[in-house]
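I open this notebook to record what I looked up in one protein chain. The entries go from the whole chain to single residues.

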Amino acid sequence: MSGMRTGQVLPKRSARVLIALAGVAAVTFLGYKVVPVNATTVGFAYLLLILIIASSWGFLEAALASLLATLVFNFFFFPPVGTFTIADPQNWVALSSFLATSLIASRLSAKAKVRASEALERQRDLERLYAFSRAILLIDKSSPFGKQLLDQLALIFNFEAAVLYERYSGEFHCAGISGPEGIEESLRSAALPGGPPRQERPPFIIVGVSRGSEPVASMAFRGSHVPEAVVQGVANLVAIGLERARAQELGQQIEAARQSEQLRTTLIDAMAHEFKTPLTLIKAATTSLLANPEVPAESRKEQIAIADEEAEHLRELIDDAIEMARLDTAHIEIHAEMANPVDTLQDVLHSMQTEIDEHPVRIVTSGPLPPIAFDKRLMKLAIRQLLDNALKYTPPEVPVEMGAWVEDGMAMLEVTDHGEGIPAEEQPRIFERFYRSPSVKGQIPGSGLGLSIAHGIARAHNGELTVSSRPGRTTFRISLPAVRQEVA
């Protein structure tokens, strides 16, 4: 590639030299033939031309123009004119001073041009490094972090192709090419402790990426000349980006473990609380029967019925706890069957008689509803969570309504209370797992899981759970497709 650049530069430089010499010839022709002027004026004209050439192209072109200008200056403007002989010693001093001045001015002008160009290049490199650092911060989770990082690197630094090797995962990410193209071993060696910090495998340049003294990756690129300092800056940013991605992944794993532990503790607490009531009633019935063997048959039958009913209640609680634990996984398995939504609401109402007690709760419908496909057990669990939530946050004398109807191909199941309502700023967060309003935390028992569970069940049915709330009325609505379809 360097040979190609040299081959491209030589014709351009040759053309610039010819143009510079032609410029000197043009000034000579104008000063000698068209507008005859004295030697001083022509000397200033030559000097101005040489400064322009030096600032535009460089020292070589200006030096050659200076030598030619000195020769023609002597030939056409110093007596005896038409020869290279200098009769007056003072003209020797003038001509030497002109040559020295033009060469020095050319050199200074060329240096100023080079420094200005270097300053612009450094500024451009800093801008690209800054743009790359911003791009790292904006990388999302739509695709692997290393792949997105490499794509941004190739885009910002105009690389034809780039490869990133991550040491810990052993993965290769490529941009501009389909694979590492035979440099896998070089990339692996560059990512090992004590590996070469930089090596060339034409047409690639391979660089190690380290976090402090510990190598974490390596990268290769081709197609763009980048200064060594910029390459090291890029390597440092890549190391920071990879470390940030690993830290985020570790944080997510820690948070998932924390939430799983919190869920386990919450379920145990909830089961201990919920199981206590039916177990107490069962124990009371069996203790009474054992203590009084001669109890009348009618009373014995009644106590056995109570024990049987509470045992069934306990079984339902255990099933609900198992379902709640299962909902902690990413995939919710749905066993859909045709069922009537109103019957489901009535089943939930009947199963929660102990919790409801004397609280007014009624079911409101617009008429008979057709059966729809849903998982009865999970849907009862979701509605139970909504009803339990409404009972906890509603004063005992304020009614709670449950409703069901079909509208525009969707089955609607609602739970409405007429309590204080949910503040508008809290409504976007109420379906988050473990979220509880600061105004009720510590005052009303709860785990912050109920609404999250109901929301997950609705989404698993290809439906939605929404809330609308204002002071005096809060409605949770589950919308389900009324037609039979595949559900996730």
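**Basis.** I worked from a predicted model, in which local features need pLDDT of at least 70 and side-chain atom pairs count only at pLDDT 80 or more, while totals for chains, interfaces and linings use all residues. I number residues from 1 along each chain as its sequence is written, and side-chain values use heavy atoms, with hydrogens and water left out.

**Whole chain.** I counted 12 helices and 12 strands in the protein chain; these are DSSP runs numbered from the N terminus, helices being H or I of at least four residues and strands E of at least two. Of the 488 residues, 41% are buried (buried means under 20% relative accessible area, exposed over 50%, partly exposed in between, with a 1.4 Å probe and protein chains only). The chain exposes about 26900 Å², and carbon and sulfur atoms supply 59% of that area (Shrake-Rupley method, 1.4 Å probe; for residues, only the protein chains shown count as cover). I then looked at contacts, meaning heavy atoms within 4.5 Å. Among those with a separation of 6 or more, 65% join residues 24 or more positions apart.

**Cores.** Which residues touch the most other members of the largest nonpolar core? They are Leu-387, Phe-476 and Ile-478, in a core of 43 residues. I take a nonpolar core as a set of buried Ala, Val, Leu, Ile, Met, Phe, Trp, Tyr and Cys residues joined through side-chain atoms within 4.5 Å. Elements that each supply at least two residues of this core include α9 (341–351), α11 (376–392), β9, β10 and β12. The largest share, 9 residues, comes from α11. Leaving aside neighbours within four places in sequence, I found Leu-387 in contact with residues including Val-348, Val-361, Val-400, Met-402 and Val-415. A second, separate core of 33 residues includes Ala-135, Ile-139, Ala-175 and Val-209.

**Strand β9.** I found 6 of the 8 residues of β9 (residues 400–407) buried. On pairing, I required at least two DSSP bridges between two strands. Strand β7 (residues 361–365) pairs with β9 in the parallel sense over 5 bridges, and Arg-362 has Glu-401 of β9 as its bridge partner. Strand β10 (residues 410–417) runs antiparallel to β9, joined by 8 bridges; there, Val-406 has Ala-411 of β10 as its bridge partner. β9 and β10 form a hairpin with 2 residues between them, and Asp-408 in the turn has a positive phi of about 55°.

**Ser-479.** I located Ser-479 in strand β12 (residues 473–481). Is Ser-479 buried or exposed? Ser-479 counts as buried because its relative accessibility is 13%. Not counting residues up to four places away in sequence, Ser-479 touches Met-410, Ala-411, Met-412, Gly-463 and Glu-464.

**Glu-309.** I located Glu-309 in helix α8 (residues 297–326). Its relative accessibility is 53%, so Glu-309 counts as exposed. Glu-309 and Pro-278 lie 31 residues apart in sequence and 8.8 Å apart in space, C-alpha to C-alpha.

**Val-37.** I located Val-37 in the loop between α1 (2–34) and α2 (39–56). Val-37 is partly exposed because its relative accessible area is 34%. With Phe-29, Leu-30, Val-34 and Val-35, Val-37 forms a nonpolar surface patch of about 440 Å² of accessible area together.

Note on methods:
Patch = residues over 30% accessible without salt bridge, like charges linked within 9 Å, V, L, I, M, F, W, Y side chains within 5 Å. Salt bridge = Lys/Arg side-chain N within 4 Å of Asp/Glu carboxyl O.
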